[in-house]
Amino acid sequence: MLQTALYHYLCKECDVVTAAYATLLQRPGDAAAIHAMRVGVKKLRAFFSLVKQLPGYSFGARKHLRTVRLLQAIGGAARDTHLQEKHLREYEKKVSWRFSFAHMLLQDKQATALEMLQATVKHCSIKKLGILPEEFKAAIAATDNEMATAALLHYLEQRLKAITLPASRAHHTVWHNLRKNVKELYYQLSILEQLLPLSYTKNNLPEHTGKAGDLLGQWHDTSELLLFVKATIAHLKKEKIVLPVNALQLTQLLQAEVKAQLAQCAWQVKQLLAASR
């Protein structure tokens with residue numbers, strides 16, 4: 001039954017976020033807990049974007065998610081800078097040069113984010129998350145199962161139709177928005193996994209969506225690193241600091257990697273579009 005499936009999914013993701021929060025209370029810098037919190041909240045947001053399409057739906061979840069969304073944002077900033085520094089080291093090996101100033105900036109940003117996360121976790125509460133599944137279950141108890149299933153599948157179909165392949169010279173923000181939409185759609189397909197039409201599973205639509213989301217995520221990380229490196233170099237040049245030729249090599253390497261990854265993303269999005277038609 002749809003209501004039961006939705007309830008159990010919500011319970012599972014609330015438990016994931018609650019467990020991550022408990023870990024962060026003890027170890028605010030725990031990378032695995034920060035990641036679990038971040039992904040868990042994204043899934044909760046995707047869940048409520050989906051169930052909002054239920055006939056007669058009027059349940060407001062914003063008050064339950066306010067605190068965890070704040071934790072997600074702060075934790076995301078800490079994780080992003082950590083990953084950027086990790087990826088920077090990987091590319092630095094290829095040009096035999098360490099961009100020390102960039103590492104210093106990233107470490108400062110991460111330290112600030114972790115301090116904010118520690119303070120937020122210490123002084124906030126996510127108790128409302130504990131009652132969220134039961135309140136949601138009661139709110140949709142009278143929902144007609146057949147009409148509800150049809151409404152949710154129609155919503156997924158409309159979201160799939162809205163996905164388009166950006167033009168070759170599209171601004172990176174267009175690809176960023178596509179990344180967010182594809183990832184959220186993948187979460188929503190996972191929520192309704194047992195109810196998807198045969199055509200969805202026959203064409204491996206969830207798999208294509210997941211792969212597209214992963215590739216777009218990898219491209220996003222490299223793209224953000226490139227923007228950071230270019231901005232840092234521009235700042236140093238403004239300060240009349242002369243950089244070695246390795247700085248140019250690093251930038252060119254990242255630019256080539258972004259281009260190659262974007263080509264992979266375009267190919268996978270085409271596969272997704274073909275599977276959804």
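Modeller: Gladly! Two packed helices are described by the angle between their axes and the distance between the axes. Here, helix H4 (residues 100-123) and helix H9 (residues 205-238) pack at about 115 degrees, and their axes lie 10 Å apart. That makes H4 roughly perpendicular to H9. Angles of 65 to 115 degrees count as roughly perpendicular, under 35 as roughly parallel, over 145 as roughly antiparallel, and the rest as oblique. The axes are lines fitted to C-alpha atoms, for helices over the stretch in contact, and the angles run from 0 to 180 degrees between N-to-C directions.

This is a predicted model: local features need pLDDT of at least 70, side-chain atom pairs count only at pLDDT 80 or more, and totals for chains, interfaces and linings use all residues. Residues are numbered from 1 along each chain as its sequence is written, and side-chain values use heavy atoms, with hydrogens and water left out.

Biologist: Which residues in H4 and H9 meet?

Modeller: Phe-101, Ala-102, Leu-105 and Leu-106 in H4 meet Phe-228, Thr-232, His-235 and Leu-236 in H9, where contact means heavy atoms within 4.5 Å. By class, this contact has six nonpolar, two polar and no charged residues. Ala, Val, Leu, Ile, Met, Phe, Trp, Tyr, Cys and Pro count as nonpolar, Asp, Glu, Lys and Arg as charged, and the others, Gly among them, as polar.

Biologist: Is the crossing of H4 and H9 left-handed or right-handed?

Modeller: The crossing of H4 and H9 is right-handed. A crossing is left-handed if the near helix is turned anticlockwise from the far one by less than a right angle, and right-handed if clockwise.

Biologist: At what angle do H1 and H2 pack?

Modeller: Helix H1 (residues 2-26) and helix H2 (residues 31-51) pack at about 150 degrees, with axes 9 Å apart. H1 and H2 are therefore roughly antiparallel to each other. Their crossing is left-handed, and their contact has 18 nonpolar, two polar and two charged residues.

Biologist: How do H3 and H4 pack?

Modeller: H3 and H4 pack at about 155 degrees, with their axes 9 Å apart. That makes H3 roughly antiparallel to H4. The crossing of H3 and H4 is left-handed.

Biologist: What span should helix H3 have?

Modeller: At 1.5 Å a residue, the 34 residues of helix H3 (residues 62-95) should span 50 Å, and its end C-alpha atoms are 47 Å apart, which agrees. The expected span is 1.5 Å times one less than the number of residues. H3 also bends by about 30 degrees at Val-68, the bend being the angle between axes fitted to the seven residues ending there and the seven starting there.

Biologist: How many helices and strands does the protein chain have?

Modeller: The protein chain has ten helices and zero strands. Helices (H or I, at least four residues) and strands (E, at least two) are DSSP runs, numbered from the N terminus.
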